[in-house]
Amino acid sequence: MDKEKKTTAIVLAAGQGKRMHSDVQKQYLLLQDKPLLYYSLKAFQESFIDEIILVVGKGEETYCRHEIVEHFHFTKVKKIVEGGRERYHSVASGLREIEGEGYVFIHDGARPFLTQEILDRTYEMVQKHHACAAGMPVKDTIKIADEKGFAQTTPNRECVWQVQTPQVFTVQLAKTAYEELLIKEEELKAQGIRITDDAMVVETLLQHPVKLVEGSYENIKITTPEDLKVAAVFLK
């Protein structure tokens, strides 16, 4: 691969995972004898990515350094930083640690099935469009409901995507968008705008288009106990 600019991965592992109904945070749950977080870090470690910034929960920095990063020899993890209250606070914490220009790959640590093919496709697209996100067209018909739960509209299924990570941007674009978000955070909340992914930050704060790139139907996010069972099947 012809790679001229620095590439950084921000791996998010600061979530509480409340829907998992477990005393162990989901990123540390075992999947075939390895913590869930291991798999996404391994994908970046074995890729063209230059460095990894790992964002973890408060007080978990030492544990992650010794029990995951050092234990599994993830030499590309250059920094381990504390996350924030919301997902976007954690991303902002990671972005502050990036020095210089280049591209940033923002990925959920709870998505263990990241592949080199997905990384290659998103890298190709971010060079062309400066902002892209992995995802897949939905298989089911989608209904938009009203406040009372009645079906209101049915969007064209061919235009509806299920968005995944990594979501990839030029470093400057991502930093500018997140700086603007933190300034306007309360204003957006007052307007009822809830930021749920990185593409939305770039779209909402900078009105910059985000190219959708084919990910994989197996690139699932582990959120519930049922997801963990599906993930075990995928690994087999």
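**Aromatic pairs and a helix crossing**

The count of aromatic pairs comes to 10. The structure is a predicted model.

**Aromatic rings**

- Tyr38 and Phe74 form a tilted aromatic pair, with 5.7 Å from centre to centre and 45° between the planes.
- This pair joins distant parts of the chain, 36 residues apart: Tyr38 belongs to helix H1 (residues 36-45), whereas Phe74 lies in the loop between helix H2 (61-70) and strand E5 (77-82).
- Tyr38 has a relative accessible area of 11%, and Phe74 has a relative accessibility of 4%. Buried means under 20%, so Tyr38 counts as buried, and so does Phe74.
- Phe74 also forms a tilted pair with Phe72, at 6.1 Å centre to centre and with 35° between the planes.
- Tyr38, Tyr39, Phe72 and Phe74 are linked by ring pairs into a cluster.

**Helices H3 and H5**

- Two packed helices are described by the angle between their axes and by the distance between those axes.
- For helix H3 (residues 87-96) and helix H5 (residues 171-183), the axes come within 10 Å and cross at roughly 135°.
- H3 and H5 are therefore oblique to each other, and the crossing in which H3 passes H5 is left-handed.
- On the H3 side, the contact is made by Arg87, Tyr88, His89, Val91, Ala92, Leu95 and Arg96. H5 contributes Ala174, Lys175, Tyr178, Leu181 and Leu182.
- Sorted by class, the contact of H3 with H5 has eight nonpolar, one polar and three charged residues.

Technical notes. Residues numbered from 1 in each chain as written. Predicted model: local features only at pLDDT ≥ 70, side-chain atom pairs only at ≥ 80, totals over all residues. Heavy atoms only, no water. Axes fitted to C-alpha atoms, helices over the stretch in contact; angles between N-to-C directions. Helix = DSSP H or I, 4+ residues; strand = E, 2+ residues; numbered from the N terminus. Parallel < 35°, antiparallel > 145°, perpendicular 65-115°, else oblique. Left-handed = near helix turned anticlockwise from the far one by under 90°. Contact = heavy atoms within 4.5 Å. Nonpolar A, V, L, I, M, F, W, Y, C, P; charged D, E, K, R; others polar. Phe/Tyr/Trp six-rings, centres within 6.5 Å; stacked < 30°, edge-to-face > 60°. Buried < 20%, exposed > 50% of the residue type's maximum accessible area, 1.4 Å probe, protein only.
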